[in-house]
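Subject: Structure handover

Hello,

The structure you asked for is below. My notes on it follow.

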Amino acid sequence: MKRGKVAVALAACSFWLVSLYAPPTHGKLIVGLSSVNVAFLPVYVTEAKGFFKDEGLDVLLVLFNAGATNLQALIGGDVHIMGSAFVETLGGRAAGVDVKNFWGICNIMPFQLYSQPDFKSMKQAKGKRFAISRFGSLTDFLTRATLRHFGVDAKDVTILQIGSTPARFAALSAKGVDASIVWFPVTEIAKSQGYNKLLDLKEIFPEWPYETFAAKESYLAKEREQVTKFLRAYQRGIKYTVENKSDAVKIMQKYVKMDPAYAPAGYDEYRNSFPLNGQIAEKVIPVVIEQEYETGRIKKKITVEDMVDRSFVASSGKK
């Protein structure tokens, strides 16, 4: 496997894959991405256009199928920077891991909750089966938050670990589950096939820190220069993404394997959600922390300051 190429890793083989690589020397970075996702388009563009190499960096992208697995790799030292849903770092921090979010990748709430045609309202949720990727993941949090929003106790439903969005939609199609949170373009497919849209999660979370870059505090302190180079290359990738739709769509199709019929619409949906200055949508974070604490999913309260390192936004975000 050549360095600088994207390595696609399922959860079962993620640690095996990254363990093939020796601990990094200067200039080498292993970056874990929690899913194959349009939200990471500027990352793919930065890699494809050689912007990381222009900064003297040898970057390996490792694609996981769940944020919980990506976090485990970060904790184990197999990944140095993780691109993941903010929520997926919360449990780690609350458990004592020195992980901090230091750059916003995508500030959008892209998820919708789709169900079987006869499941028409959350008033019918009790006794239903909801698909998530893994416990502790973003889909897990959002499913529980949705149930809570409608006054449904999570104990009154069945929450099943199914895997990636395509896997969850396959389970919905096979009637193995009653509902699942999905994103574009599966939302379009679900709608065209007659599944019922129970909820657009923007109604609950209009502002959302969807994907961020996170790393251990110890790594950020030790490798600040390298992280700054990484972000400088990434900012070039964002600029190129928003200014070159045709090329960005081609790169998206290569990395995300999206149907060409949906790719341009996917680009349009996400284009304005990539913050060039790295700003993380922090407003909702205290609410998320409070909900996770109240439900017992984290055992101690933490603060936004515990979760966010703003120093890179302050230094690199203004450039």
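Contact here means heavy atoms within 4.5 Å. Helices (H or I, at least four residues) and strands (E, at least two) are DSSP runs, numbered from the N terminus. This is a predicted model, in which local features need pLDDT of at least 70, side-chain atom pairs count only at pLDDT 80 or more, and totals for chains, interfaces and linings use all residues. Residues are numbered from 1 along each chain as its sequence is written, and side-chain values use heavy atoms, with hydrogens and water left out.

Helix pair. Leu 41, Tyr 44, Val 45, Glu 47 and Ala 48 of α2 meet Ala 248, Ile 251, Met 252, Tyr 255 and Val 256 of α11. By class, this contact has 9 nonpolar, no polar and 1 charged residues (Ala, Val, Leu, Ile, Met, Phe, Trp, Tyr, Cys and Pro count as nonpolar, Asp, Glu, Lys and Arg as charged, the others, Gly among them, as polar). The axes of α2 (residues 41-48) and α11 (residues 245-256) come within 9 Å and cross at roughly 100°. Axes are lines fitted to C-alpha atoms, for helices over the stretch in contact, and angles run from 0 to 180 degrees between N-to-C directions.

Sheet. Five strands form an open sheet in the order β8-β7-β9-β6-β10, with mixed pairing; two strands pair if DSSP finds at least two bridges between them. β8 (158-161) and β10 (196-200) are at the edges with a single partner strand each, so one side of each has no neighbour in the sheet. Strands β7 (residues 129-132) and β9 (residues 179-182) run parallel and are joined by 2 bridges. Helix α6 (residues 138-149) lies across β6 (112-115), β7, β8, β9 and β10, at about 145° to β7. Helix α7 (residues 165-173) lies across β6, β7 and β9, at about 155° to β9.

Buried parts. Helix α5 (residues 87-94) is largely enclosed by the rest of the structure, because 7 of its 8 residues are buried (under 20% relative accessible area; exposed is over 50%, partly exposed in between; 1.4 Å probe, protein chains only). Gly 96, which follows α5, has a positive phi, near 105°.

Regards
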